[in-house]
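Hi everyone, thanks for coming. Please have a look at it first.

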Amino acid sequence: MHLCTHSLTMLPATVQAPAHDRTSHAPGVVHLGLGAFHRAHQAMVFDQLLASGDTRWGIHGVGMTRPDLVNQLKAQDGLYAVRVADGQGVKWQVPGALWRMNVAATERDAVVQALAAPSTRWVTLTVTEKGYTPALGQLLRDGLRLRQQKGLPGITVASCDNLQGNGHKLQALVKAEIPAQDMTAQDTELLRWLDAQCAFPCSMVDRIVPAATPEVMAAAQEALGLQDHCALSTEGFWEWVVEDRFADPTDAALLQSAGVRVTGDVHSYEEAKLRMLNGSHSAMALMGAVTGRPFIASCIGVPHIRTFVHQLMSREVAPHLSRSDWAEYRDALIARFGNPYLKHSVHQIATDNSQKIPQRWPPSVLGQIAQGASFEHHALAAAVFLRYTLGVDEQGQAYTLNDPQAESLMAIGAAQRTEPEACVHALLAREDLWGKALPSHAAWVARVTHWHQQVLQHGVDAAIQQLLAAAA
Ligand code: CS2
């Protein structure tokens with residue numbers, strides 16, 4: 001027997017089941033990017049709002065490309081279990097907010113119709129960094145245009161991806177699909193309506209949700225007494241900070257009642273999260289991949305990596321943050337990284353490095369440069385990134401680079417054993433990774449070259465230890 005509407009009544013009392021009617025209302029939220037993250041984060045916030053009796057938060061979930069997950073979720077009527085586990089304990093919950101599902105790649109029209117449905121009030125997005133394409137802008141434009149033509153009210157469109165100023169980026173992406181020259185009267189009207197009636201708040205979302213594994217599925221079977229192909233595992237911690245900019249201003253108080261932070265200043269939360277959490281994640285992911293440590297917890301459990309991450313955050317990231325409680329945030333992060341229940345694969349986090357690193361590392365390096373301060377930790381991380389492009393770890397195990405730039409990165413790194421300096425120069429010359437100012441910064445290039453030499457000659461662990469000894 002598998003988890004679905006009919007088997008819900010068979011769940012043991014220890015599993016928290018949906019506390020609302022899932023059939024009588026149309027969804028109020030269209031979510032684009034139906035990955036693990038959304039299902040263990042926002043879908044649980046919306047589930048809480050539904051449980052409180054507000055029927056407007058059911059989700060029409062849209063997978064962007066892959067039909068397999070959507071098909072599995074459909075077979076389970078949108079139900080799946082989430083294990084929430086950390087030092088505070090372990091509990092299982094089945095959120096019930098996911099009511100409908102489609103795949104954008106094959107069912108585009110259904111998605112456009114959902115965006116233009118009278119019940120839709122919100123669109124949320126977790127389409128990953130590389131998802132911000134013209135095709136996404138066109139999809140939203142078509143849905144919003146249809147809404148406007150039907151005479152429906154505007155909606156809130158909230159990007160929740162790990163991009164600085166994500167709301168602004170999304171709004172610009174949609175507007176870029178409305179021709180600026182030779183505008184038709186319809187286009188002018190659409191732009192006017194977008195500006196007057198739709199809101200594109202910036203938002204920062206945080207919860208560590210590893211991709212589903214067979215181990216979690218087995219644990220779900222045990223806890224639920226039912227088969228669940230879509231089970232997920234996460235931590236107790238979650239944070240959603242969203243800019244106070246909504247099509248319906250009364251949503252602010254509602255979201256706050258569910259634990260969401262609504263503020264005028266998302267920026268300071270965004271930058272702290274991207275550079276502290278995600279920046280450390282990428283550094284550890286690369287170190288783990290090259291040294292053969294499979295999970296973030298196995299990396300942070302190593303004393304010298306733990307000290308490296310602590311110093312990276314305290315010395316090179318924190319000085320440039322506007323979030324004043326960074327020390328508590330850092331300590332909480334180190335504890336979260338060590339959560340033994342989250343088998344968070346380093347190779348999963350190393351996916352799409354080329355899209356992630358630009359938000360995560362260069363702002364801190366540039367901040368240090370501006371203050372004449374040291375950027376050794378980031379230089380070592382960049383050196384490990386180059387070593388990573390070899391596609392084989394220090395034990396000789398091969399791995400695959402999963403990145404839209406995989407080919408060009410591997411081409412840059414291929415000759416690093418024989419021509420290390422040329423390879424460092426080629427990698428650091430890429431403005432798509434490092435921005436405009438860093439590539440020509442001689443001291444940055446020199447320090448990455450130095451650490452790359454150490455990594456190749458002595459290995460990642462010895463290089464980290466050397467850095468710590470020098471920086472003590
Ligand atoms: C991770 C994030 O995979 C990655 O790149 O750094 O998914 C991270 O787990 C989340 O942003 C945590 O909120």
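Let's start with the second largest cavity: domain 1 (5-264) and domain 2 (267-471) both give residues to its lining, so this cavity lies between them. The domain bounds come from an automatic or database domain assignment.

Before I go on, a word on what you are looking at: this is a predicted model, where local features need pLDDT of at least 70, side-chain atom pairs count only at pLDDT 80 or more, and totals for chains, interfaces and linings use all residues. Residues are numbered from 1 along each chain as its sequence is written, and side-chain values use heavy atoms, with hydrogens and water left out.

How do we find such spaces? Rolling a probe the size of a water molecule over the atoms shows where empty space is left. On a 1 Å grid over the protein atoms alone, a cavity is a set of points where a 1.4 Å probe fits but cannot get out, while a pocket is an open set with protein on both sides within 12 Å along at least five of seven lines; lining residues have an atom within 4 Å of a point. Grid points are joined across faces, edges and corners, and a volume is the space filled by probe spheres set on the points.

Back to our cavity. The second largest cavity holds about 50 Å³ of space. Among the residues lining it are Asn162, Val205 and Lys273. Strand S9 and helix H10 each give two or more residues to this lining; helices (H or I, at least four residues) and strands (E, at least two) are DSSP runs, numbered from the N terminus.

Now, which residues surround the ligand? They are Asn162, Val205, Asp206, Arg207, Lys273, Asn278, His281, His344, Ile349, Lys356 and Arg360, where being near means having a heavy atom within 4 Å. By class, this shell has two nonpolar, four polar and five charged residues. Here Ala, Val, Leu, Ile, Met, Phe, Trp, Tyr, Cys and Pro count as nonpolar, Asp, Glu, Lys and Arg as charged, and the others, Gly among them, as polar.

Let's zoom in on some atoms. A polar side-chain atom of Lys273 sits 2.6 Å from a ligand oxygen, and for a polar side-chain atom of Arg360 the distance to a ligand oxygen is 2.9 Å. Arg207 uses its backbone instead, with an N or O atom 3.0 Å from an oxygen of the ligand. A polar contact is a pair of N or O atoms within 3.5 Å. On its own the ligand has 340 Å² of accessible area, and the protein covers 88% of that, using the Shrake-Rupley method with a 1.4 Å probe.

Which element gives the most to this shell? That is H10, with three residues.

The largest has a volume of about 70 Å³, and 13 residues line it, with Pro210, Ala211, Thr213, Val216 and Ser233 closest to its centre. Helix H8 (214-224) and strand S10 (232-234) each supply at least two residues of that lining.

Last stop, a pocket. The second largest pocket has about 220 Å³ of space. Its lining counts 15 residues, and Met44, Gln48, Lys91, Gln93 and Trp238 lie nearest its centre. Helix H2 supplies the largest share of this lining, five residues.

How values were computed:
Polar contact = N/O pair within 3.5 Å; in protein donor to acceptor, adjacent residues only side chain to side chain.
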